Amino acid sequence: MCARAELLLLELKQRVVCCIDEAKAKLHTLSQDIWSCPELAYEETKSHDRLVEFFRQEEGWKVDSHFKLHTAFRATWSCGAGGSRQQQQQQQRRLNVGFLCEYDALPGIGHACGHNLIAEVGAAAALGLKAVLENTQEELLPVQVTVLGTPAEEDGGGKIDMIREGAFEGLDVVFMAHPSKEDASYLPCVAEHDVTIRYHGKASHASAYPWEGVNALDAAVLCYNNLSVLRQQMKPDWRVHGIIKHGGVKPNIIPAYTELEYYLRTPSRAELLVLKEKAEMCFQSAAAATGCQVEVEFARNKFDNMLRIAALEELYERNGKALGMDFTTDEDVLKNESGSTDFGNVTFVVPGIHPYFYIGSNALNHTEEYTVAAGDDRAQFFTLRTAKALAMTALDVLLQPELLRRVKQEFTEAKLKEERMLTGEHTEQSSRDNPL
């Protein structure tokens with residue numbers, strides 16, 4: 001990169017910072033409006049409408065208010081168009097940079113995962129990038145800035161629905177950031193699939209003639225114990241956790257119906273297939289032992305692990321450090337494979353980054369204390385700093401074609417590695433199940 005180009009990039013990054021600072025009041029209001037009206041997955045009508053209104057009030061944005069899903073939206077802004085034929089040619093070469101907003105809350109405790117701040121980060125980064133690009137006098141490649149409002153991350157996986165509907169087609173790279181209690185360019189997110197198990201037996205009087213009954217609670221308890229015993233043969237980083245949601249209606253009635261819900265988690269999609277096969281044997285054997293009928297229903301959407309793009313992580317850390325971020329070096333944090341997100345599925349479709357950011361509190365996510373922290377004014381400085389770092393990273397990619405090529409090459413290699421793992425793990429498991 002020549003010296004002139006480096007100076008231009010530095011100047012544009014400084015202007016991004018200024019543009020986001022100039023918009024901080026309306027961005028704070030946006031975040032507060034979402035925080036003060038928590039809504040559950042697929043029901044985020046007020047938060048959705050507030051974000052749609054926000055972008056419609058901003059000059060130059062084209063807004064699709066119900067994009068693919070009822071509570072999803074898309075806002076786009078483009079630069080670099082020419083005449084009719086030239087415009088068509090440039091449209092084909094246009095770099096499409098995406099920023100994602102989340103805005104669903106948790107039942108009972110509101111925005112305890114700070115999705116109001118995720119929405120603010122996405123909006124702020126997009127506004128800052130647009131303001132810089134539309135006001136520069138330099139000749140730049142044609143660019144499109146896309147904001148996607150993605151509902152139902154906490155339950156259901158709205159991004160997976162949107163992938164299925166083609167919402168991410170045409171994007172070159174995507175950015176979002178998640179509140180935490182530390183700054184990190186990456187934290188491990190694991191593959192996950194929800195499953196509901198239902199046992200159907202036969203009711204009978206538990207004291208007068210229990211032999212006439214078929215005990216669905218026995219099946220549920222055996223299922224629970226089967227999975228607990230399975231843990232001895234599970235890999236250390238596999239997780240199985242669940243509850244008995246329905247265990248019967250009265251002690252003197254043999255339960256005719258029981259229901260369990262489990263989450264299965266592994267570090268990769270390939271390993272998740274293996275764990276699911278083992279878990280299903282636990283479900284079925286409990287039914288066979290008790291004489292019950294069993295229904296096994298896996299959720300419509302499964303969450304994938306996240307593909308890492310080192311080039312984006314390095315850029316984000318460099319920009320974050322320039323803004324004063326102190327990235328964690330705690331190995332216990334950096335190697336803790338804990339949660340799952342539907343952004344993992346996005347990374348199998350488009351290269352992207354999902355960093356975590358400190359919000360001025362040591363509270364843990366999914367607690368009432370974190371709900372308070374996500375709505376506190378102190379979170380604003382850290383939230384906007386994160387938006388600046390994302391927008392600066394987007395500028396790095398847009399102004400340095402070799403970086404975009406590296407990002408896409410890493411993406412291709414990461415996907416190929418996962419596909420090989422998927423084939424290899426499944427073949428290995430089949431060989432174990434069917435030895436010669």
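**Close-up views of a predicted model**

View 1. Val221 lies in helix α7, which spans residues 216–230. In this predicted model, Val221 has a relative accessibility of 36% and therefore counts as partly exposed. Together with Tyr224 and Ile244, Val221 makes a nonpolar surface patch of about 230 Å².

**View 2. Helix α3 and what covers it.** Helix α3 runs over residues 45–57, 13 residues in total. From first to last C-alpha it reaches 18 Å, close to the 18 Å expected at 1.5 Å a residue. Its buried residues are Ser47, His48, Arg50, Leu51, Val52, Phe54 and Phe55. The cover over these buried residues includes the helices α2 (24–35) and α5 (115–135), as well as the strands β1 (62–64), β2 (73–79) and β4 (143–149).

**View 3. The open sheet and the β3–β4 pair.** The sheet is open and has 6 strands in the order β1-β2-β4-β3-β5-β11, with mixed pairing. Its edge strands, β1 and β11 (352–353), each pair on one side only. Strand β3 (residues 95–101) runs parallel to β4 and is joined to it by 7 bridges. Gly98 stands opposite Thr146 of β4.

**View 4. The salt bridge between Lys159 and Asp342.** The closest N and O atoms of Lys159 and Asp342 are 2.9 Å apart in this salt bridge. Distant parts of the chain are linked here: Lys159 belongs to helix α6, while Asp342 sits in the loop between α10 (331–334) and α11 (343–346), 183 residues apart. Both Lys159 and Asp342 are buried.

**View 5. The salt bridge between Lys235 and Glu271.** In this pair the closest N and O atoms are 3.3 Å apart. Lys235 is in the loop between α7 and β8 (239–246), and Glu271 is in helix α8 (residues 269–290), 36 residues apart. Lys235 is partly exposed, with a relative accessible area of 36%; Glu271, at 9%, is buried.

View 6. Lys335 and Glu331 form a salt bridge in which the closest N and O atoms are 3.5 Å apart. Lys335 has a relative accessible area of 62% and is exposed, whereas Glu331, at 41%, is partly exposed. Elsewhere, Arg198, Lys245, Glu259, Glu261 and Glu297 are linked in a network of salt bridges.

**View 7. Glu169 and Val349.** Glu169 is placed in the loop between α6 (158–164) and β5 (173–175). Its relative accessible area is 65%, so Glu169 is exposed. The C-alpha atoms of Glu169 and Val349 are separated by 8.3 Å, although the two residues are 180 residues apart along the chain.

Terms used: Residues are numbered from 1 along each chain as its sequence is written. This is a predicted model: local features need pLDDT of at least 70, side-chain atom pairs count only at pLDDT 80 or more; totals for chains, interfaces and linings use all residues. Side-chain values use heavy atoms; hydrogens and water are left out. Helices (H or I, at least four residues) and strands (E, at least two) are DSSP runs, numbered from the N terminus. The expected span of a helix is 1.5 Å times one less than its number of residues. Buried means under 20% relative accessible area, exposed over 50%, partly exposed in between (1.4 Å probe, protein chains only). Contact means heavy atoms within 4.5 Å. Patches are made of residues with over 30% relative accessible area and no salt bridge: like charges are joined within 9 Å, nonpolar side chains (Val, Leu, Ile, Met, Phe, Trp, Tyr) within 5 Å. Accessible areas come from the Shrake-Rupley method with a 1.4 Å probe; for residues, only the protein chains shown count as cover. A salt bridge is a side-chain nitrogen of Lys or Arg within 4 Å of a carboxyl oxygen of Asp or Glu. Two strands pair if DSSP finds at least two bridges between them.
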